[in-house]
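Subject: Structure handover

Hi,

Here is the structure I promised to pass on. My notes follow below it.

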Amino acid sequence: MSKFVYLGGQKGGTTKTTTAHLLCLGAILRGEPAAYVLTDPNRQIKSEGRPYAVLDGRDPHKLAQIITASHNTQNGWLIVDGGGNRPAFDEKLTEQADLCILPFRASEEDLDAIALDMRSLPYAVAWPSAWPTNRHAQKAAQYFIDGLEKAFPLRVITKPIFFVNSAAELLAASLDSPSTPVRNAARRAFNLMAENYDTHTKPQQEHDLKAVA
């Protein structure tokens, strides 16, 4: 069975799509199979040149088939990109996924939006993304991580995905030769996610939440 990771959250622009592609690329660079699943009906499939599979889950029936097929896969990662502003969809996919990740940027708007998502999706985990690389900006942005971790104990991946200028190439029509910064970012993102996977999958989350309560 492949590991099913869902990238969700109502707010647009939180890097769900970029993070999903980073994780897939990182998995491949680690020698692990991965598939990216597009579910947003307003986006186009971009599979050319990518070293990981790109699957079309924009139709609910096709998405269900993809998820069912993943149960018969012996290894690897199924990374589903949820798109934005679909709370009912987020809720349904979070129920099925092994791990639900809610990326967020360093802004009050993102913090407010993700707090609402965390309340409605009790097994979801927040992950700071496109995080500032400047030391002084990082110090200021730590406020957002600390505040969210205080409000939702054990449900925040505290090590961020840092902003990379060339990350936009992940969303280009083709990804023939990812740049070194993108490869490094992909490796780091995947390693962080893999390190946190066992801690934040649903059965463990349920146990930890009961312990906190």
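Valine 125 is buried, at a relative accessible area of 0%. Here, buried means under 20% relative accessible area, exposed means over 50%, and partly exposed lies in between (1.4 Å probe, protein chains only). Valine 125 sits in strand 6, residues 124-128. Helices (H or I, at least four residues) and strands (E, at least two) are DSSP runs, numbered from the N terminus.

Two caveats. This is a predicted model, where local features need pLDDT of at least 70, side-chain atom pairs count only at pLDDT 80 or more, and totals for chains, interfaces and linings use all residues. Residues are numbered from 1 along each chain as its sequence is written, and side-chain values use heavy atoms, with hydrogens and water left out.

Now the cores. A nonpolar core is a set of buried Ala, Val, Leu, Ile, Met, Phe, Trp, Tyr and Cys residues joined through side-chain atoms within 4.5 Å. The largest one has 33 residues. Val5, Tyr52, Trp77, Ile79, Trp127 and Met193 have the most contacts inside it. Elements giving two or more residues to this core include strand 1, helix 1, strand 4 and strand 6. Helix 6 gives the most, with eight residues. A second, separate core has 28 residues, among them Tyr6, Ile67, Leu78 and Val80.

Tryptophan 127 touches residues including Leu23, Ile101, Phe104, Ile157, Leu192 and Met193, leaving aside those up to four places away in sequence. Contact means heavy atoms within 4.5 Å.

Next, helix 2, residues 60-70. Its buried residues include Leu63, Ile66, Ile67 and Ser70. They fall within an arc of 95° seen down the helix axis, so they line one face of helix 2. The arc is taken over the directions from the helix axis to the C-beta atoms. His61 and Gln65 are exposed, on the face turned away from the buried side. The cover over the buried residues of helix 2 includes strands 1, 2, 3 and 4 and helix 3. At the start of helix 2, a side-chain oxygen of aspartate 59 comes to within 2.9 Å of the backbone nitrogen of histidine 61.

Most residues other than glycine have a negative phi. Threonine 15 is not a glycine, yet has a positive phi of about 80°. Threonine 15 lies in the loop between strand 1 and helix 1, and is buried at 11% relative accessible area. Asparagine 85 also has a positive phi, of about 60°. Asparagine 85 is in the loop between strand 4 and helix 3, and is exposed at 60%.

Glycine 8 is in the loop between strand 1 and helix 1. Glycine 8 is buried, at 1%. Beyond four places in sequence, glycine 8 touches Lys16, Asp90, Ile101, Leu102 and Pro103.

Last, the largest pocket. It holds about 200 Å³ of space. A pocket is an open set of points on a 1 Å grid over the protein atoms alone, where a 1.4 Å probe fits, with protein on both sides within 12 Å along at least five of seven lines; lining residues have an atom within 4 Å of a point. Of its 16 lining residues, Thr15, Thr18, Ala130, Phe163 and Ala167 are the closest to the centre. Helix 1 gives the largest share of the lining, three residues.

Best wishes

Note on methods. A polar contact is a pair of N or O atoms within 3.5 Å; within protein, one must be able to donate a hydrogen and the other to accept it, and residues adjacent in sequence count only if both atoms are side-chain atoms. Grid points are joined across faces, edges and corners, and a volume is the space filled by probe spheres set on the points.
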